[in-house]
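Me: I would like to learn how to read the features of a structural model with some care, one at a time. Could we go through one together?

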Amino acid sequence: MNIIQKSESIRAGLRKGFQDGTSKMAQRSCYGYDTGPDGGLVINPDEAVVVRWIFERYLIGDSLGKIAAGLEEQGILSPTGKPKWNREALNKLLSNEKYTGRVLLQKTISAGGSQVKNDGFMERYLYSDSHAAIIPDETFRTVQQEKMGRTIHPGKEHLLQILF
């Protein structure tokens, strides 16, 4: 089997896991969660407090920079263990549907050797109630609407419909 065939076989296996709900990618841990003994996501109580704080601060109007400064002032390390949080990490955290107990797979795809956002090129897979939620649906939805309001991205409104 040559490299191209092997690569295509791996991709097909990943897609099959997405389709039948057996993908281990759905259980990939992120800030606020740990991996439990059964391999599933479990809430990390200390990090969950931080996640909720970030969502709350964003909803009262704080910028990503102000939130980052607040985390640094409190001595809260970033997901990578650094003393400073960056805006990109906060933006991704605020966009991560995992905090609602859902997982959306195949948000990005590999194209020409690099990862690009999957804006409908390939099917996405949404698992609901995959693990315990840290953020209520309404809070998450409101943050996504606020993000769209702060940064105009024409045509992105459909993403909220996918998740809810």
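Predicted model: local features only at pLDDT ≥ 70, side-chain atom pairs only at ≥ 80, totals over all residues.

Me: What is the phi of Asp129, and where does Asp129 lie?
Reply: Most residues other than glycine have a negative phi. In this model the phi of Asp129 is near 50°, a positive value in a residue other than glycine. Asp129 lies in the loop between β6 (125–127) and α5; helices (H or I, at least four residues) and strands (E, at least two) are DSSP runs, numbered from the N terminus.

Me: Is Asp129 buried or exposed?
Reply: Buried means under 20% relative accessible area, exposed over 50%, and partly exposed in between, with a 1.4 Å probe and protein chains only. Asp129 has a relative accessible area of 75% and is therefore exposed. For the protein chain as a whole, buried residues make up 35% of the 164 residues.

Me: How many helices and strands does the protein chain have, and in what order do the elements run?
Reply: The secondary structure comes to six helices and six strands, and from the N terminus on the elements run α-β-β-α-α-α-β-β-β-β-α-α.

Me: Which residues of α3 are buried, and what covers them?
Reply: In α3, the buried residues are Leu64, Gly65, Ile67, Ala68, Gly70 and Leu71, and what covers them includes α2 and α4.

Me: At what angle do α3 and α4 pack?
Reply: Axes are lines fitted to C-alpha atoms, for helices over the stretch in contact, and angles run from 0 to 180 degrees between N-to-C directions. Helix α3 (residues 64–73) and α4 pack at an angle of about 100°, with their axes 9 Å apart, which makes α3 roughly perpendicular to α4 (angles under 35 degrees count as roughly parallel, over 145 as roughly antiparallel, 65 to 115 as roughly perpendicular and the rest as oblique). The contact, meaning heavy atoms within 4.5 Å, is made by Leu64, Gly65, Ile67, Ala68 and Leu71 of α3 and by Arg87, Leu90, Asn91 and Leu94 of α4. These residues divide into six nonpolar, two polar and one charged, where Ala, Val, Leu, Ile, Met, Phe, Trp, Tyr, Cys and Pro count as nonpolar, Asp, Glu, Lys and Arg as charged, and the others, Gly among them, as polar.

Me: How do the residues of the contact of α2 with α4 divide?
Reply: Here α2 and α4 pack at an angle of about 95°, with their axes 10 Å apart, and that makes α2 roughly perpendicular to α4. Val51, Ile54, Phe55 and Tyr58 in α2 meet Leu90, Leu93 and Leu94 in α4, and the residues of this contact divide into seven nonpolar, no polar and no charged.

Me: How many aromatic pairs does a search of the whole structure find?
Reply: A pair of aromatic rings is described by the distance of the centres and the angle of the planes. Rings of Phe, Tyr and Trp (its six-membered ring) pair if their centres lie within 6.5 Å, and planes under 30 degrees apart count as stacked, over 60 as edge-to-face and the rest as tilted. The search finds four aromatic pairs, among them Phe55 with Tyr99, which is edge-to-face at 6.2 Å centre to centre and 70° between the planes. Phe55 lies in helix α2 (residues 45–59) and Tyr99 in the loop between α4 (87–95) and β3 (103–105), so this pair ties together parts that are 44 residues apart in sequence. Phe55 also forms a tilted pair with Phe140, at 6.3 Å centre to centre and 40° between the planes. Because Phe140 lies in helix α5 (residues 137–150) and Phe55 in helix α2, that pair ties together parts 85 residues apart in sequence.

Me: Which residues form one aromatic cluster?
Reply: Tyr33, Phe55, Tyr99 and Phe140 form one aromatic cluster.

Key
Residues numbered from 1 in each chain as written. Heavy atoms only, no water.
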